[in-house]
Amino acid sequence: MAKYVLAIDQGTTSTRAMVFDHSGKVVSNSQKEHEQIFPKAGWVEHDPKEVWENTKEVIDGAVKDSGAKEGDIAAVGITNQRETTVVWDKTTGEAIHNAIVWQDTRTDKLVEEFGGDEGQDRFKATTGLPLATYFSGPKVRWILDNVGGAHDKADAGDLLFGNMDTWVLWNLTGGTDGGLHYTDVTNASRTMLMDLDTLDWDASICEAMGIPTAMLPEIHSSSEVYGEAKNTAVAGLPVAGILGDQQAATFGQVCFDVGNAKNTYGTGNFMLLNTGTEKVPSENGLLTTVCYKIGDQEAVYALEGSIAITGSLVQWLRDNLGLISESSEVESLARSVDDNGGVYFVPAFSGLFAPYWKSDARGVIAGLTRFNNKGHIARAALEATAWQTREVLDAMNSDSGVDLTELKVDGGMVVNDLLMQFQADVLGVPVIRPVVNETTALGAAYAAGLATGFWAEIDDLRENWQEEKRWEPRLGEAERESRYAMWKKAVTRTFDWVE
């Protein structure tokens, strides 16, 4: 009888494979970073070939470290950085361009062109998304426009498009030898090409963006047996779960009831609120997206607040400024001062995402005086994560009509106690961390395990969830709102920076 499920977590900075047991505990973990490629200001790329080679390596490592024997692993799930776009030749299996990462802003002129007289909300009623550089559709069009002969090859049916889930699945299930060109509803909902009601590609939007529908993967549910792995140490096992990373974290946090919410602290921050089988249009700068779909059950929707730069701001302090040598040092540096010294850091490096959606914004450090030192910069950088989350929570409360009473958190930054306490302070609600913090990979494992009977039903998953720590608000309301007003003032300084 199977004892484990393996999840592939293809993220923005690294790829991991993790093996989980029936209780949701981590059995093994293998991880490898890939290169971040910055050809120009605002451009961010990954090498798809490097990502796939790393994926094979970490799968093999995780299986070996788990000690799993034949028959011990029930299934494989996939979760991925969403919106990061790959176009490849289906005959050779080679990508025709580096993957364009979700943070990339090169499509700003295309986005403006697509909006035309109708503006940013042209496709929002259908897709739940404002026109923005964030999403996959404009990235596909940019690749077709900028790689010689790509339009002709796409029209001839020789090119395939996918987010990273599709790229991994296609290679894992055989590549040029019968690889499956599939995606799931959560990833498809991030392309700006899928109708949220029909859960199928919208031909009129594809035509408006100049993207042949023959390039697009077949859309499936988030939890079903898609096919069999043909490569790596999981060859012969069913691949049975796909969820975009933030939806996977929501699944891993067992946010299965309407009103459940979680916030993931990774490269960026992403808060999702389960709205059930009803899609709720946002009036406050949030995204309406698919949360998950289990087999032939109805799709479950979510409101999402997406923040571009949080954890990657700490990396920037490390790699670009040299203020710290390891990301973990940021907390002690921030604790070296009593407060932010009046400094506010708005990291609009890729423009502003929710709730503003301003691609022409750029980063600002405001309030500097001769008094300030690197401790204040570090503290302001951490506080930026919490303030941006507060803005998203305000929007979510307004859209849903129900004030959130607590927030489940996960991701790499939640080990930072200073940040988590400040987060509770500025939200005015408890912040709760689970025992298993790797909820993104866990969610993909859950989806695959449900599809194959490893877990019988979602109540089994609810029973696995356990609280490890919670932070209660300590900051008074007057002080909280005064500081929030200063943050809002700093945000306005980023607007309209790019002409």
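This is a predicted model: local features need pLDDT of at least 70, side-chain atom pairs count only at pLDDT 80 or more; totals for chains, interfaces and linings use all residues.
Helix α10 spans residues 311-319 and helix α12 spans residues 374-400, and the two pack with their axes 9 Å apart at an angle of about 160 degrees. Because angles over 145 degrees count as roughly antiparallel, α10 and α12 are therefore roughly antiparallel to each other. Their crossing is right-handed.

Within α10, the buried residues are Gly311, Ser312, Leu313, Val314 and Leu317, and the elements against which the buried residues of this helix pack include those in the table below.

| Element packed against α10 | Residues |
|---|---|
| α11 | 330-335 |
| β19 | 344-346 |
| α12 | 374-400 |

The largest nonpolar core holds 134 residues, and the members that touch the most others are Tyr134, Met209, Met215 and Phe251. Helix α12 gives the most to this core, with 12 residues. In soluble globular proteins, nonpolar side chains tend to be buried together.

Which residues does Met209 contact, leaving aside its neighbours within four places in sequence? Met209 is in contact with Phe114, Phe123, Leu131, Gly137, Pro138, Arg141, Met192 and Leu193.

Methods: Residues are numbered from 1 along each chain as its sequence is written. Side-chain values use heavy atoms; hydrogens and water are left out. Axes are lines fitted to C-alpha atoms, for helices over the stretch in contact, and angles run from 0 to 180 degrees between N-to-C directions. Helices (H or I, at least four residues) and strands (E, at least two) are DSSP runs, numbered from the N terminus. Angles under 35 degrees count as roughly parallel, over 145 as roughly antiparallel, 65 to 115 as roughly perpendicular and the rest as oblique. A crossing is left-handed if the near helix is turned anticlockwise from the far one by less than a right angle, and right-handed if clockwise. A nonpolar core is a set of buried Ala, Val, Leu, Ile, Met, Phe, Trp, Tyr and Cys residues joined through side-chain atoms within 4.5 Å. Buried means under 20% relative accessible area, exposed over 50%, partly exposed in between (1.4 Å probe, protein chains only). Contact means heavy atoms within 4.5 Å.
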